[in-house]
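Please look at the sequence and the structure shown here before reading on.

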Amino acid sequence: MDISTLPHWSFGDNPQMANELVQLVLSGKKTATCTALAWHLAEPLPPVGSLQVITDGQNVPACVIQNTAQFIIRFDEVDETLAKKEGEGDLSLAYWRTVHQEFFEKFGVFDDKMWLIFEEFTVIEIL
């Protein structure tokens with residue numbers, strides 16, 4: 001597969017977080033992610049079915065994913081099922097809320113009613 005034309009990105013906001021989260025993807029634990037809708041208002045979202053390259057903390061391609069679902073949801077509406085799909089920590093909703101609140105607060109955008117883009121995906125190829 002020629003990955004040169006696909007969008008490349010990593011999870012999180014630092015190399016350590018990117019490395020940890022891509023390992024969860026590679027192990028099959030992480031099958032979803034979310035981001036603040038406000039950060040993506042100026043650009044169209046990749047359509048469901050699109051392929052994307054996930055990189056590690058050193059910007060090295062680790063895998064190709066295909067998004068299988070995409071929807072907008074409020075932070076306080078994320079449930080246990082969605083939290084578990086993110087694959088982080090103890091997989092609980094409480095853990096998900098704590099770490100995601102801390103993450104969004106770092107950027108000054110947290111509100112428990114904030115809109116999130118939630119994306120589910122499958123790994124197509126490990127690189």
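The model is predicted.

Just after the helix comes Gly 28, which has a positive phi of about 90 degrees.

Helix α1 covers residues 15-26, twelve residues in all. From first C-alpha to last it reaches 16 Å, close to the 16 Å expected at 1.5 Å a residue.

Five residues of the helix are listed as buried: Ala 18, Leu 21, Val 22, Leu 24 and Val 25. Seen down the helix axis, the buried residues of α1 fall within an arc of 150 degrees, so they line one face of the helix. The elements that cover these residues include three strands: β3 (51-55), β4 (61-74) and β5 (115-126).

## Two loop residues with positive phi

Asn 59 is not a glycine, yet its phi is positive, near 65 degrees. Asn 59 sits in the loop between β3 and β4. Is this residue buried or exposed? With a relative accessible area of 58%, Asn 59 is exposed.

Leu 91 is another residue other than glycine with a positive phi, in this case near 70 degrees. The loop that holds Leu 91 runs between α2 (80-86) and α3 (93-106). Leu 91 counts as partly exposed, at 25% relative accessibility.

## The nonpolar cores

In soluble globular proteins, nonpolar side chains tend to be buried together. The largest nonpolar core in this model has 15 residues. Which of them touch the most other members? They are Val 78, Trp 96, Phe 104 and Leu 116. At least two residues of this core come from each of β2 (32-36), α2, α3 and β5. Helix α3 gives the most, with four residues.

Trp 96 can be followed in detail. Apart from neighbours within four places in sequence, Trp 96 is in contact with Cys 34, Phe 75, Val 78, Ala 83, Glu 86 and Leu 116. Two of these partners, Val 78 and Leu 116, are also named among the core residues that touch the most other members.

Definitions and conventions. Residues are numbered from 1 along each chain as its sequence is written. This is a predicted model: local features need pLDDT of at least 70, side-chain atom pairs count only at pLDDT 80 or more; totals for chains, interfaces and linings use all residues. Side-chain values use heavy atoms; hydrogens and water are left out. The expected span of a helix is 1.5 Å times one less than its number of residues. Buried means under 20% relative accessible area, exposed over 50%, partly exposed in between (1.4 Å probe, protein chains only). The arc is that of the directions from the helix axis to the C-beta atoms. Contact means heavy atoms within 4.5 Å. A nonpolar core is a set of buried Ala, Val, Leu, Ile, Met, Phe, Trp, Tyr and Cys residues joined through side-chain atoms within 4.5 Å.
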